[in-house]
Amino acid sequence: MNAKLVLPFALISALTLAACENRTEAPEAPNPDAGNPESMAETVEETDAPDVNISTEDMQQRREEIEQDAQQTFDSIMEDTQVAGDNLVQMGDDAMSALSDQMTSASDAIAVQIDGLVANAAEVRDENMDDEQKLEIVTNVRNAAEEAARALGQTPQEVITAGDTAEQRTREVLGLE
């Protein structure tokens, strides 16, 4: 039983020694291209390295030139940013003015529509009309004013206001309270 236990260790040791005996020696000088075939070698481009012998005055002057270039670039960027900001503000102002003009013209258009509707109601008015017929005219004028406001893109509150104004003025013209 001891032989079965010792035999594997002996074989491992013998194999290890055999592997060590056929070892090749290290080269005298290492080959710099070993493991790096020439087709894979990278060529190093020479760059303009700063002259080691630059005087302190030249270095200070170069630093000042770089700082001046950086400041000019920064100032240019700030100026461009300011111009872009001013343009955006102007565009916003123009948009608000146009929107305000549209709102004013829409309000004016609704007022003109209401004036026309009330004038038509006044022309249709007859002394022999009963209150039911007059209320029907008031309802028609209100509906027409509300539709005109919707067609001009007014808000729901503005549509109701246009209807209220048309109704009130029509009631006055027809003598309804």
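**View 1. Arg-142 lies in helix α3 (residues 131-151).** Helices here are DSSP runs of H or I with at least four residues, strands being E runs of at least two, and both are numbered from the N terminus. The model is predicted, so local features need a pLDDT of at least 70 and side-chain atom pairs count only at 80 or more, while totals for chains, interfaces and linings use all residues. Residues are numbered from 1 along each chain as its sequence is written, and side-chain values use heavy atoms, with hydrogens and water left out. Arg-142 counts as buried because its relative accessibility is 17%, where buried means under 20% relative accessible area, exposed over 50% and partly exposed in between (1.4 Å probe, protein chains only). Apart from neighbours within four places in sequence, Arg-142 is in contact (heavy atoms within 4.5 Å) with Ile-160, Gly-163, Asp-164, Ala-166 and Glu-167.

**View 2. The buried and exposed faces of α3.** The buried residues of α3 include Lys-134, Ile-137, Val-141, Arg-142 and Glu-146. After α3 comes Gly-153, whose phi is positive, near 75 degrees.

**View 3. The buried and exposed residues of α4.** Val-159, Ala-162, Gly-163, Ala-166, Thr-170 and Leu-174 are the buried residues of α4. Seen down the axis of α4, these buried residues fall within an arc of 95 degrees, so they line one face of the helix. On the other side of α4, Gln-157 and Glu-172 are exposed, and the helix is followed by Gly-175, with a positive phi near 80 degrees.

**View 4. The largest nonpolar core has 16 residues.** A nonpolar core is a set of buried Ala, Val, Leu, Ile, Met, Phe, Trp, Tyr and Cys residues joined through side-chain atoms within 4.5 Å. Ile-114, Ile-137 and Val-141 touch the most other members of this core, to which α2 (56-124), α3 and α4 each give two or more residues. Not counting residues up to four places away in sequence, Ile-137 touches Ala-121, Val-124, Met-129, Thr-170 and Leu-174.

**View 5. Confidence in helices α1 and α4.** In pLDDT, the predictor's confidence in each residue from 0 to 100, the protein chain averages 77, and 69% of the residues score at least 70. Confidence is lowest in helix α1 (residues 2-21), at a mean of 66, and highest in helix α4 (residues 156-174), at 89.

Definitions and conventions
Arc of directions from axis to C-beta.
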